[in-house]
Structures are given as structure tokens and as C-alpha cells.
Amino acid sequence: MKKYFVTGLLIWIPLVITLMVLAWIVNTLDQILLIAPAAVRPDALLGFHLPGIGVLVTLLLILLTGLAAANFVGQRLVGFWESLLSRIPVVKSIYYSVKQVSDTLLSSNGQAFRKALLIQYPHQGIWTIAFQTGKPGGDAARHLGDDFVSVYVPTTPNPTSGFFLMLPRKDAIELDMSVDDALKYIISMGVVAPPSPPGSALHSSAALLNR
């Protein structure tokens with residue numbers, strides 16, 4: 001009975017958590033419909049609540065914003081909007097900090113979170129996985145030199161919190177592992193190990209065992 005019960009839990013727990021996360025995302029994005037007058041909201045027009053319309057509206061709004069900002073007029077409007085925000089003291093700091101992070105993470109030519117690294121942390125002999133976020137900047141770069149990298153060490157099982165480190169490039173080992181696989185490895189607390197890269201000793205041994 002215990003074996004069957006655990007097997008059932010292993011099936012239901014991931015499914016229920018996935019559905020809960022999706023429901024939270026849909027309900028959150030559906031809140032965008034509250035900005036419209038009550039008379040023209042989908043619930044009033046259809047006569048019943050249809051979840052997910054807010055998701056479609058949000059995606060459409062993001063797409064239209066991108067299309068508008070891609071032309072000359074849109075770029076001028078974005079520039080005007082940013083110059084307006086730059087005149088508000090507190091808003092300026094928050095907006096430009098978030099903008100720099102989002103531009104770095106989402107830029108196609110950026111290097112942030114493009115590489116999974118193996119580093120020794122918090123001391124020698126203890127290894128953990130980190131993500132390269134770039135190179136030291138500002139006055140830190142002047143003191144450290146060019147042969148340093150900036151890395152982010154996420155915590156387990158919540159990778160949204162972690163530690164920012166600057167360490168010599170020679171002390172960071174670049175892994176043949178995608179960022180997605182590295183995140184799964186971290187979130188699962190090492191339970192969900194990524195596949196061994198082709199050509200490695202572990203990969204050859206696994207191939208022999210599967211024959």
C-alpha cells in the first residue's frame with residue numbers, strides 16, 4: 001500500500017503544482033481587464049466568466065507595443081517617455097535599474113545567464129553551480145582588471161535569491177550544460193541531474209548499461 005501511495009503522489013504532486021502555477025498566472029493576467037469599463041468587459045458581454053482572456057489581451061498588448069516601438073514614431077515616443085521618467089527622482093532610480101537588468105537578460109547579444117559555471121563556494125573544496133552575468137564594471141573593474149567574471153550563485157530550491165560574486169576567470173569552469181538543465185538541477189536540490197555530455201565517461205557508461 002505504501003508503494004502504491006507514493007507512486008500516486010509522484011504522479012499527482014507535479015500535476016497539481018503545475019495547475020496551481022498556471023491558474024495563478026492566468027488569474028493575475030486576467031486582472032488587466034479591470035482597467036476596462038465594466039460594461040465592455042468580457043464577463044458582461046458574454047454573460048459568464050471565461051478565464052484566460054486577460055492572458056490573450058496581455059500578449060496582444062505586448063505585441064502591439066513592440067510593433068509600435070519598432071518604427072521611428074514609436075522610438076520617439078519611447079524616448080519622450082523615458083526622458084519624462086528621468087525627471088522623477090525615485091521613479092528614475094527604480095525604472096532605469098529594472099530596465100538595465102531586463103535589457104541585459106533579454107538582449108539577444110547579451111551574455112547574462114548564457115553560461116552555467118562550476119565554482120568553489122563558499123570556500124575551497126565546496127563546489128556549486130553559478131551563472132555568468134558579465135564582467136565587473138565601474139571602479140571594481142579598475143581594481144580587479146580584465147581577467148575577472150561576474151557570476152550569480154542561486155540558492156536552492158528558490159533560484160530567485162542568491163549571491164553576486166566577482167572571481168578570477170581561471171577559477172570558473174564552464175559547463176557543457178544548458179541554463180535550463182542547470183536550473184532544474186538547482187531547483188530539484190540535485191535530484192534531477194542533467195544528462196552527461198556526449199563523449200564523457202559517464203555518458204559512455206550509461207550507454208553501455210542501456211544496451
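Guide: Gladly, and keep in mind that this model is predicted. Let's begin with burial: a residue counts as buried under 20% relative accessible area. Glu82 has 16% relative accessibility, so Glu82 counts as buried.

Visitor: Where does Glu82 sit, and which residues is Glu82 in contact with beyond its neighbours within four places in sequence?

Guide: Glu82 belongs to helix H4, residues 72–85. Leaving those sequence neighbours aside, Glu82 is in contact with Tyr95, Tyr96 and Lys99.

Visitor: Now the cores. Which residues make up the largest nonpolar core?

Guide: That core has eight residues: Leu117, Ile119, Ala130, Val149, Val151, Val153, Leu167 and Ala172. A second, separate core has six residues, among them Ala116, Val179, Ala182 and Ile186.

Visitor: What does Val153 touch, not counting residues up to four places away in sequence?

Guide: With those set aside, its contacts include Ile119, Ala130, Tyr121 and Phe163.

Visitor: And ring pairs: how many aromatic pairs does a search of the whole structure find?

Guide: One. Tyr121 and Phe163 form a tilted pair, 5.9 Å centre to centre with 45° between the planes. Tyr121 lies in the loop between S1 and strand S2 (127–134) and Phe163 in strand S4 (residues 162–168), so the pair ties together parts 42 residues apart in sequence.

Conventions: Residues are numbered from 1 along each chain as its sequence is written. This is a predicted model: local features need pLDDT of at least 70, side-chain atom pairs count only at pLDDT 80 or more; totals for chains, interfaces and linings use all residues. Side-chain values use heavy atoms; hydrogens and water are left out. A nonpolar core is a set of buried Ala, Val, Leu, Ile, Met, Phe, Trp, Tyr and Cys residues joined through side-chain atoms within 4.5 Å. Buried means under 20% relative accessible area, exposed over 50%, partly exposed in between (1.4 Å probe, protein chains only). Contact means heavy atoms within 4.5 Å. Helices (H or I, at least four residues) and strands (E, at least two) are DSSP runs, numbered from the N terminus. Rings of Phe, Tyr and Trp (its six-membered ring) pair if their centres lie within 6.5 Å; planes under 30 degrees apart count as stacked, over 60 as edge-to-face and the rest as tilted.
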